[in-house]
Structure formats: structure tokens, C-alpha cells
Amino acid sequence: MVSTDLLISLVPFFPLLGFIIIGLTVNKIPKTLASYIACGAVLFSFIVSVILFVQLSGADENQRSLTVSLFNWISVGEFTASISFLVDPLSSLMLLVITGVGFLIHVYSIGYMHDDPAVNRFFSYLNLFVFFMLLLVMGSNYLLMFVGWEGVGLCSYLLIGFWFKNKDYTDAANKAFIMNRIGDLGLIIGVVLIFITYGSIEYASVFSQVGEGSATLTLITILLFVGAMGKSAQIPLYTWLPDAMAGPTPVSALIHAATMVTAGIYMIARNNLLYTLSPIALNLVLVVGLFTALLAAVIALTQNDIKKVLAYSTVSQLGLMFVALGVGAYSSGIFHMATHAFFKALLFLGAGSVIHGLHGEQDIRKMGGLKKYLPTTFVTFLIGVLAISGIPPFAGFFSKDEILAKAFEANPIVWALALTTSLLTAFYMFRLLFLTFYGKTRASDHAIAHIHESPKSITIPLTLLAILSVVGGFMGVPEALFGSNKLEHFLNPVFENSLALMNHTHLAHSTEYMLMGLVVGLTLVVIFAAYRSYVKNGAVPTFDVDSTSSVHKLSYNKFYVDELYDSIIVKPLFALSNLLEKIIEKSGIDRVVNGIGATVDGGSRLARLLQNGNIGFYIFAMVIGIILILAASGFTK
Amino acid sequence: MLTLFIIFWPFFAALLLFLFRPQNAKGFAFLASLLELAASFAVAYLFDPSNSSSFDVNVPWIDKLGVSFSVGLDGISLLLVLLTTVLVPFIIYAGTNENKSHTFYGLILLMQMALVGVFMARDGFLFYTFWELALIPIYFICLLWGGENRAKVTFKFFVYTLAGSLFMLVGLIYLYYQTEGTHSFDIQKLYKAGQSLSLVEQSYLFWAFFLAFAIKMPVFPFHTWQPDTYTTAPFQGTMLLSAIMLKMGIYGLIRWLLPMVPLGVAEWGYTAIVLSVIGILYASFIAIVQKDMKRLIAYSSIAHVGLISAGVFTLSKIGIQGAVIQMISHGVVVFGLFYIVEVIHSRTKTNVMSDLGGIRSKAPAFASVFLIILLGSIALPFTSGFVGEFLLINSLVNYKLVIGALAAVSTILGAVYMLRAFQQSILGEESSKTSTFAELTTQEKIVLYPIAIIVLVIGIYPAPLLALSEPAVDQLLMIVSDYLASVK
């Protein structure tokens, strides 16, 4: 029997090893070998994660926490950061999602990236990403989480700019990295403040000391949330995520939908106690999440790039998760994170399959009628759309319903806005589905002649994710629907201290049924509206071809936020830098320095004139000198 | 014996060098620096951080003036000596043989002696001697083998830093006359003398020493000699200056300034921190708009050094430990970056980034090594840069939240200018200058691979380095805190 310590360490070890092997051999090993190594590494991690999960769920509630410490990383005086891992229900669930969905996406990549000459490099980055993502959720202290946090940012940068010859793509990569760094700045200062305040950066030690809320704690939690804004793409740091779609589609699915962007959700859930004790920060989370969810959903309504729609949808869904966290429903946020990982990965991979089938076409106005050409992709995509729209009994229904119910408990206005987001989601997702797969095809004859269903390495992951998107919700069936919410109970040890601090009112089952019925009913109405606009008409509506109304324009142009940032941040930054260099540096400081030099130089030139070799002048000067000395000594007496 | 060997061997080697034919000069200098490296490793192996007096040597030198040849090693000194002895062989090995004679390599070795001497001296006069001695070889290296405009640029550098050092000389002599009994330049006596002074006197001395050190590092606004000098010097000169020589200034702060005039530091430390933090932001902003890669790295170096200097003045253990480890990391990283510029320059004859591009597809191994070293520069976790930068920011946030936050903004700006540099020079489509860009040669790999590995190893396992300097830092801080406690 292998020890648990070893098992825990093996989880991040496999992908690291995969990265090192592929990274060092790069193009010396055949593509197939590299892809098997990469997939195998993540598969092994998944298997170990399952074993750990089984161990944990079999254990008593108060023993669902395993730690292993490897070595001291940075240690100065009081400050110690160790490389040590924590596996508790929260990280265990994250492990399953990361390695499980991650493995499927690795397999998918074999088919999707088949013709790319740099596929080995691609797989090495993917493995490195999984490694850092695992560190992020397994680290038992804030600094190790930060290592993972920045590490996944690096991999995201590398993979967005994977096709590095294209300047737009590398611009998107830089933007992602820099925006994330802005968030990271908040996070790292928050971590330092935690150390200064509590004398430790180990979760266990900090949580046991928090006691009660304070101004410092509020500041800490807000700073940590700034980190989450960057990584999980929330207002105001969300604009990098849509641009990140420049990366290969499996990357969009894995990093920019299913795993990395949920790091902020994980981080706040991990720190639930701190947030529960800082109502101001928690409200900030709620408000930012709510507005991000709405804004992104409105933008998604009018986008025509299949991946952009999904990207804004991700931003919006992440917003909903923050809403859940913001009303203190931590386990609901995590639940939606898990189901979202299934169906959003599915949708992205489905989109990738469409793009692959159409040889690179991403504009949904140039698609249509694809269901007969891409049957497997169509069925699985449909399941994904049903899941995200919250149609029972698909996965998204349960998790979204739980968030809406908790939002209603907290505040009906929050509920109404979240519901609006949810309805908008159903509309733009069905718009996407209808424009892509229904009606007559608008693709060129050439494209149709070459269209083909994707190979097995693509359709099998699609099918498995589709199954997960159907059954994934059953881990959290509410009591109102005669379930026992297994997930909530499993996660209970992580959140129990927070729950104890909050007074809980439970909705009556009758209210829950009413809300549920209302939501599902309205969703069906919205879907019907989408059907009327996008299928019955038989053509792309004119406003999607050439936007005329100002509201439509605003949404289509993403509320001009990129342009706004460009003119209030980017341009002033460069202007300031130029100003400093030209005015302060060259004409200011350096001129003063050279001026001092020149003064000394000039002074010496003048002094040199005194030595003119004229004896008479010397004697004259000497006499004047003697007189002055005598006069001076006379004065002093 | 070993102590004297690691100081004077480079000097003898520099003399022996002239027995060889010019084409063998580089080879011999390289071997000599390897021997020096081996000797320093032996010292490190024998070194016991808790009992650091075992390498002390103290013999009278100019008896009448109370000057002695007193040298010693503690963890801080040893780390900087190791930085020197590790990098110098690389610096010698990295160059091609063309147009470089005996003199060139002799000067590098001479420089090494002076640097090792500065880090080990425990006598004020000796320290000053080595300090000024270091300026002479680097002056000639820059003057004789530099690029465009070298005479003017090098002259400014020479005069500027020399002027700074004179303030220190005045300060040292003043302190010397304050020593008790028979006047002496012994470091402990100078500490005592400085600590016996009033706040006003300590303040004057603070500025006398701080100016000398600040110009050497350089700290804003005393930095304007630096970008021109780094850009004009031959790359070996730039490396000596940036990777090792500027550490003399930071080392001076830690070893000489803090314990000697603690009251002055308490009084003016905040000003120094503010200047340093202004410098961090100022240099980072200017780096963003640089077009020449060498200049960009020069400004980024000012930003990094500003952070180190700010951390030192927090007078905290975390700050000074962060400063020590960041000195090592900065040395390695900046060496790597300047060498990368040299690799590009040797192939394309340009440092202008917009003329480059597309190198990634021509030389993937080169691009990868560049990326690793660049990540060290922008302090990504698990690279050497992160350890120091985190500790330094930690100490500054503890000192004053706003100051720490402003200093930490450099992590964003650093990413902005370094990623732009990487994008412009390495990514994208090939340009006419990079269309025949060749992959790294064996010689270049031998230089760059170990540097990249060091960046990662220090980042992942910095514990041995931190443990080495910890007792020394404790001791220094104890001197300061005991004194400040006794005054209040």
C-alpha cells in the first residue's frame, strides 16, 4: 500500500515530469510519443485524484483533510513558506475537475492539433499548465497558491501566443499577462498583509487566528479579490479573456473556461471564513459579480465569432459564481464551477470541432445547417447549450437554480438581475446554436465540399463531456427535488465555520418550486423567441449583418471598453514614459549633472587664465595678497 | 592562506598573463578564473556561518596611520565573492578573441581582485583602496573597447563615480579622527566612532557615504551616467558593471553605512527609501519607451536596484535578506540578459528591437533560454527573481503600506517592458536582419544554459543561500538595534 503522502505528491508530479520530458526533448521525439506522454501524465494524476477522493469521502467529516510537507521553500526569520500540499474536500473536487476535464482536453488536442508542426511544444505547455493549476489548488499556504496563480498565468500567456508569428495573437498574450499581473499585485500585497497580521501564511494557522472582522481584514479580502478580478476576468479586469481566444481552441476550453479562470472562485471559497467576517468585501464580490454577469451577457448577444460568444459567456458565468460567493453560498459557487467546467469545456470543444470541420471559419453568420454534416458535434453541442441554459435535468439547471434560490434568499433584486443574466444566456446560446447548426447553410460550396465530422480523438471527449453535462448536476440535487445535495455535505467541513456565522433562513419548498417553475418557464419563452428570430426567418436577421440601432451597436462594440482603456490607461502610460525620458531625464537631471561638470570645467578654465606667465602680474597679486592678510589680521584684533 | 589566495590570485594571474602569447591570453585568463572559482568553492565548503572568523586575516599595513590589511568573510561577503568568482569565468569565456589582447583579460582579472577585495575588506582604508582600484580597470575596458562616443561617455562615468567616492573618503577620514585612542581604520572601531557622534554629524556622514554608494548602484537621481555607459561599454564591461560592480554600492550600504551611522539612517532612511521607490517607477516608465534593448535592460536594472536599496533601508531582517538574495539573482539575470543582447548583436549588428523579430522560429533554444531569464527578471515564482522581490516588497509593505504598494507596481511595469521587448525581438515574423539568424553555438550554450539553470535552482531552492547570510544579517541588525535602543 502506497502512503497517502506519496499519493498526494504524485498528483502534481506527473504533469511536471511530462513537461520536463517533452520540454527537454522538444522535437527530437515523435509527435505521437509526446502526445501520449502528455495525456498519460494527466491520466495518472486523474487516477490518483480519484483514489484520494475516495479516501476522503470515506473519512469522517473532521478528518477530511490531508497534508504533506515536502521542503522549506523560503524561510527568513519568522517568515516561512513551505512546499506543502493540502487535500481537503474543496481541493479534492478541484483536482477531479482539473485532471478529469484536463485529460479529456489533452486527448482532444491529439486530433485538433494533429497538423501543427509545433505540437510537442503545445503539449509541454499544457502539462506545465496542469502542474501549476494543481499547485494553485493544492498549496497549503498562500504563497504556494500564488506560485500556481502566476504559473498558470505564464502558461496562459504562452498558449494564447502559441502561434507566435501573428502579432494580434502575441498582443493578446501580452494583454492577458499584464492584466493578470495587475490583479496579482493586489493578491501578493494581500498575502503580505496576511503574514504581517497573522504571522503566518499557512491556511490552517491563519484561519484559526482570524477571530473577528477588522479593517485590516476587509483590506486583505478586497486585495485578494483584486487578484480574483484579474484571473477570473471580472470588471474591470475582464477584457483580456475575449482576446485570449487567439489561442488554440483546446486552450480556450481548458484554461480560459474550465479551470484557470475559476481560480478566483476557488481562492474566495478557500478563504470563505475571511470573507464571511468582512461583509464589505463580500458585498463587493457580489456587486462586481452581478454587473460582470450582466454586462458580459449583453455583449454576448451580438457577437458573431463562435469563440467570442463563448468567451463572454464564460465571463458572465464566472460573474454568476461570484454572485453565489457574494451571498455567502460558497458551495453553490463551487457547484456551478464544476458543472460549468463540464458544459463550457464541451461547448468550446464543440466549437473547435466546427472550426476544424470548416477549416478555420469562426463567423457564425457564415455557418448554418451544419447539423447534418457534423452529427456528433451537433448532438453534444445541443446538450451543452441545454445545460448552460438551465433546462432540467441537465447539469446547469441544478447549479444555476441553487444560485438563484440563494440569491432570492439574500435579496430579490439580486435574484432578478441574476435571473435576467440567466435568460440572456439562454437567448444568446440558442442564437449561437441556431445560427451554427440550423437552417440552410451559408458556408461556401468549397467549405461544404470539404466539411467532415471530426476524428474519434475529438468526438470521444465530446461524448464524455456531454454525458457529464447531463448527469453532472445530480451531485447536488436539492432537497426540494427529493435529493440530498451530496456535494454540499461533502464540502461541509470547508465551509462549516462560515456557515455557523451566518444566520440561515431556508426557503420553503413551495417557494422553491415556484421560483424553479418561473425560471424554467421564462427560459422556454426566451428560447422560443430565439427560435423565431433565428430559425423561422430562415436567414441571419439584418441587425446581425449590419447593426443600426445604437443599443445593438453598443453591445456589438463591447461598450467600447477596450477603446476606453486604451485612451485612459495605455496611451497616457506611454505619454508619461516619453515625457519622463525627454523632459525629466534628458533635459532635466542629465543637464544638471552635465551642468555641474561644465561649471567645474569652466571654473578651471578661468583659473588657468591666472597662470599667464607674467612675473609682474604674479608680484602684483602677491602684494595684494599680503595687504589683504595684514588687513584681515588687523580686523580680527 | 585561502583567504589571501582568493584576493591576490587574480592579480598574479593578470601579471602571469603577459608571459603568454596574445592568442593564448583568453585561455589562460579563463583557466585562472576557474582556479579562483575552485578556491572560492573550497572556502564556501569550509565556511561555517555560525563561526565566520575562521577566514579572517589581519596584518598591520601602514602602522603609523592605523591602517591594517584586515579582511574577513561572513555570509554576506561570501555570497558576493561567490557571485564574482562564478560570473567572471563566464565573462571571460563569453567573448570572442578578436582585437582583445593581454591587456583586456588582465584588466578583467585585476577588476576581479578589486571586487573580491571590496567584499572582504574589514578596514576602512583598505576598503577605499579596493573600491577605487576597481574603477581603473573598468575605465580602461570601457574606454579602449567601447562603442560609439566612448571617450565622452566613459569620462563622465569615471568623473561622476570618482566624485561620489571622494565624499566617502572625506567621511572615512573624519570618522578616523573620531576613533578612540590610537586612531585606526578598523571596521569595528569605525562603527564605534560613528555611533558616538551626534545626530547632525551622523547625518552629514550618512550623506557622504550614501552619495558614494548611490552613484555606484545607481539610485535615482544619480543614475544618468549609467544608461550611456552600459550601452557604450563592450558587453564584458557592461556585465562587470551591472552584474557585480554595482553590488559594491549595495554591499556598502549594508556593511558600512547601516552599522556606522544608525542615527543618520534612522533619520534619513525614509528619504532614501522614497528616492529609491521614485527611481523604481521612474526607470520602469522610461524602460517602456526604449527602442534599444541594451538601454532597456540598463533602465530595468535601475528599477531593480532601487527596490533592493529601498529594502535595505527598512532595517528589517526580511528586507536585508531579500536584498542579499536579490543581489545574487540580479547579478545572474542581468548577466544573462546582456549576453542575450550580445548574441543578437553578434548576428544582426543591431540592438534596435523593431529591426528584429521572428527569432523564435530560427533559434527556438535561444528563445526558450531568453524566456527563462526574462521570467527571472520579471520575478515569476520559482525563478530567482521572485524570492528577493517578494521579500523586499514584504519588508516595504511592512514598513509602510503605500510605499510597498508603489514599489510593487514595478512588477506590472516590468512585465510591460520585458514582454514588449520579447515580442518585438523574438516573436512575430522575421525581418531582413533576422532571416539568417543562427541557433546558439556551443560556446553560447555553455554560457547561457548554466545561467538559466541557476535562475531556476535559486528560485526553487533558495534555502541554502538564505541560510548562509542569515547569521551575518542578524549580527549587523543587532549592532544597529542595540545601538538605537541604547540611544533612546
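How many of the 26 residues of helix 18 of chain A are buried?

## Helix 18 of chain A

Of the 26 residues of helix 18 of chain A, 20 are buried, so the helix is largely enclosed by the rest of the structure. A residue is buried if 20 or more other C-beta atoms, placed from the backbone, lie within 10 Å of its own. Helices are DSSP runs of H or I with at least four residues, strands are runs of E with at least two, and both are numbered from the N terminus.

Helix 18 covers residues 412-437 of chain A and reaches 37 Å from its first C-alpha to its last. This is close to the 38 Å expected at 1.5 Å a residue, where the expected span is 1.5 Å times one less than the number of residues.

## The model

This is a predicted model, in which local features need pLDDT of at least 70, side-chain atom pairs count only at pLDDT 80 or more, and totals for chains, interfaces and linings use all residues. Residues are numbered from 1 along each chain as its sequence is written, and chains are lettered from A and ligands numbered from 1 in the order in which they are written.

## Where chain A touches chain B

In chain A, 39 residues are in contact (C-beta atoms, placed from the backbone, within 7 Å) with 38 residues of chain B. Helix 6 of chain A gives the largest share of this side of chain A, 14 residues.

## A residue of chain B

B:Ile344 lies in helix 13 (residues 317-348) of chain B. B:Ile344 counts as buried because it has 25 C-beta neighbours inside 10 Å.

Key
A residue is buried if 20 or more other C-beta atoms lie within 10 Å of its own, exposed if 12 or fewer, and partly exposed in between; C-beta atoms are placed from the backbone. Two residues are in contact if their C-beta atoms, placed from the backbone, lie within 7 Å.
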